[in-house]
Amino acid sequence: MPTYILGIESSCDDTSAAVLRETTLLSNVIASQKVHAEYGGVVPELASRAHQQNIIPVIDTALKRAGITLSQLSAIAYTNGPGLLGSLLVGSSFAKAMAYSLDIPLIEVNHLQGHVLAIFLDKSDKPKTKPQFPFLCLTVSGGHTQILKVHDYFDMEIIGTTIDDAAGEAFDKAAKILGLPYPGGPYIDKLAQQGNPEKYKFATAHLPGFDFSFSGLKTSFLYFIRDNLKDNPNFIEENKADLAASMQHCIIKSLTSKLDKAINAHRCKDLVLAGGVSANSGLRSAMTELATKKRLNLFLPDFDLTTDNAAMIALCGYQKYLRNEFSSLNSIPYSNVKLSNN
Ligand code: KG4
Ligand code: ZN
C-alpha cells in the first residue's frame with residue numbers, strides 16, 4: 001500500500017496544502033493572502049482570519065488534484081513553528097482535528113527544516129539526484145537567514161545566522177523605500193536585471209565568524225536615498241534599476257562571502273540553497289559561480305518550492321513517518337526560531 005501524506009502549512013501569510021505519495025509530489029496548492037499588500041507587510045490578525053477562510057478549500061483542492069480520498073491518507077503533517085502564533089494555530093488545530101477524526105498519525109514539522117528538505121521532493125515517479133549528507137545549506141527567507149551543516153534529515157547544525165534582519169527583510173525594506181509593492185523581493189529582482197550593480201556602494205557589515213547582519217545595510221540605503229532626494233526629488237525614479245541592482249548586489253555579496261568562508265571551514269561535497277530568497281536570479285547565479293569555484297555540486301530548488309509551501313512540510317512528514325515520529329494532540333505551536341527535531 002502506498003504511503004500518502006497530507007501536508008498543511010500556515011506559518012505566515014500563505015495557506016497551503018500538499019499531498020505526497022512517498023517523496024513524489026501529487027499536488028501543492030498555495031493560497032497567497034493579498035490582504036497584506038496595502039499595509040506593506042503581514043498583519044498577523046488578518047493573516048489568521050484569512051487562513052480560516054482558506055484552509056478548507058485549499059485542503060479540498062489538494063486532495064482532488066492528487067486524486068485521492070480522505071480514507072487513503074496515511075498521516076497528516078503540519079507546521080508547528082516557527083511563525084505567527086495565530087496563523088500556526090489555524091493549521092495545527094485543523095490538522096489535529098482531521099487526524100483525530102480519521103484516526104491516523106499526526107506529525108509536527110519545523111518550518112525551517114521544511115525549507116531545507118524541499119530539495120528531496122520528486123516532481124515525477126523518476127527520482128532526481130539528491131544531495132548527500134553532510135551538505136551545507138544556505139537558507140534565506142523573509143524571516144530567517146542561516147548557514148546550516150545538514151548531517152542528516154533532522155540533524156542540522158547552525159553554522160551562521162543573522163543577528164538582526166533576515167535577507168528577505170532586507171529585500172522587502174529596500175523595496176518599500178523605493179515605493180515598490182509588498183513583498184518587494186521579486187520586484188527588486190526584476191528591476192535589478194536592468195540596473196548596474198556596481199553603481200552605488202552601501203555599508204555592509206563585517207562580522208567575525210559566519211554570522212550575518214543586514215540592519216546597517218538597510219539604514220545605509222535609507223540615508224543615501226534620503227540625502228539624494230534633498231537635491232533631486234526624482235532621484236528614485238531616475239535611478240530605480242541601479243538602486244535595486246546595487247542593493248541586491250550588496251545583499252548577495254554578504255551572503256556568498258560568508259558562505260565561501262563556511263565552505264572552507266566545513267568541507268562538504270554538496271551545497272543547497274533554500275527559502276523564499278532562493279528564487280532570486282542574482283543569488284542563483286552567484287551560488288552557481290561559488291559552487292563552480294569551490295568544486296561543489298549545487299542543488300537549487302524549483303521556483304514553486306522556494307517560497308512557503310506545504311509540499312516541503314509533507315516531505316518532512318514522510319521522513320518522520322518512516323521513523324515513527326508522531327505527535328500528540330497536546331503539542332503546542334511555537335513562534336521562536338529553533339531548529340530542533342520537532
Ligand atoms: O520562505 P518565504 O516564503 O517566507 C518565510 O519563511 O519568510 O520567503 C519570503 C521572502 C520575502 O521576503 C520575499 O520578498 C522573498 O522571500 N523573495 C525574494 C524573491 N522571491 C521571494 N527575494 C528576492 N528575490 C526574489 N525573486
Ligand atoms: Zn518560509
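## Helices α6 and α7

Let's start with a helix pair: in this predicted model, helix α6 (residues 215-231) and helix α7 (residues 235-265) have axes that come within 12 Å and cross at roughly 160 degrees. Axes here are lines fitted to C-alpha atoms, for helices over the stretch in contact, with angles running from 0 to 180 degrees between N-to-C directions. That crossing angle makes α6 roughly antiparallel to α7 (angles under 35 degrees count as roughly parallel, over 145 as roughly antiparallel, 65 to 115 as roughly perpendicular and the rest as oblique). Helices (H or I, at least four residues) and strands (E, at least two) are DSSP runs, numbered from the N terminus.

On the α6 side, the contact (heavy atoms within 4.5 Å) involves Leu217, Lys218, Phe221, Phe224, Ile225, Asn228 and Leu229. Their partners in α7 are Phe235, Ile236, Leu243, Met247, Cys250 and Ile251. By class, this contact of α6 with α7 has 11 nonpolar, 1 polar and 1 charged residues (Ala, Val, Leu, Ile, Met, Phe, Trp, Tyr, Cys and Pro count as nonpolar, Asp, Glu, Lys and Arg as charged, and the others, Gly among them, as polar).

## Helix α4 joins in

Helix α4 (residues 167-177) packs with α6 at an angle of about 10 degrees, their axes 10 Å apart. The two are therefore roughly parallel to each other. Lys173, Ala174 and Ile177 of α4 meet Lys218, Phe221, Leu222 and Ile225 of α6, a contact with 5 nonpolar, no polar and 2 charged residues.

Turn to α4 and α7, and the axes come within 11 Å and cross at roughly 170 degrees. These helices are therefore roughly antiparallel to each other. From α4, Ala167, Ala170, Phe171, Ala174 and Ile177 meet Ile236, Met247, Gln248, Ile251 and Leu255 in α7. The classes in this contact of α4 with α7 are 9 nonpolar, 1 polar and no charged residues.

## Two domains

The protein is divided into domain 1 (4-123 + 305-322) and domain 2 (135-301), with bounds that come from an automatic or database domain assignment. Taken over C-alpha atoms, the centres of domain 1 and domain 2 are 27 Å apart. Domain 1 gives 18 residues to the contact and domain 2 gives 22 residues.

Between them the domains bury about 1,800 Å², 77% of it on carbon and sulfur atoms (buried area is the accessible area, 1.4 Å probe, that two parts lose on being put together, summed over both). Within domain 1, Val116, Ile119 and Thr306 lose the most area to domain 2, together 33% of what that side buries.

## Backbone details

Most residues other than glycine have a negative phi, and most peptide bonds are trans. Here, the bond from Gly81 to Pro82 is cis, with omega near -10 degrees, and Pro82 sits in the loop between β4 (75-81) and α2 (85-102). The bond from Phe133 to Pro134 is cis too, with omega near -10 degrees; Pro134 is in the loop between α3 (111-117) and β6 (135-140).

Asp103 has a positive phi, near 60 degrees, and lies in the loop between α2 and β5 (106-110).

## Reading the model

Residues are numbered from 1 along each chain as its sequence is written, while chains are lettered from A and ligands numbered from 1 in the order in which they are written. In this predicted model, local features need pLDDT of at least 70, side-chain atom pairs count only at pLDDT 80 or more, and totals for chains, interfaces and linings use all residues; side-chain values use heavy atoms, with hydrogens and water left out.
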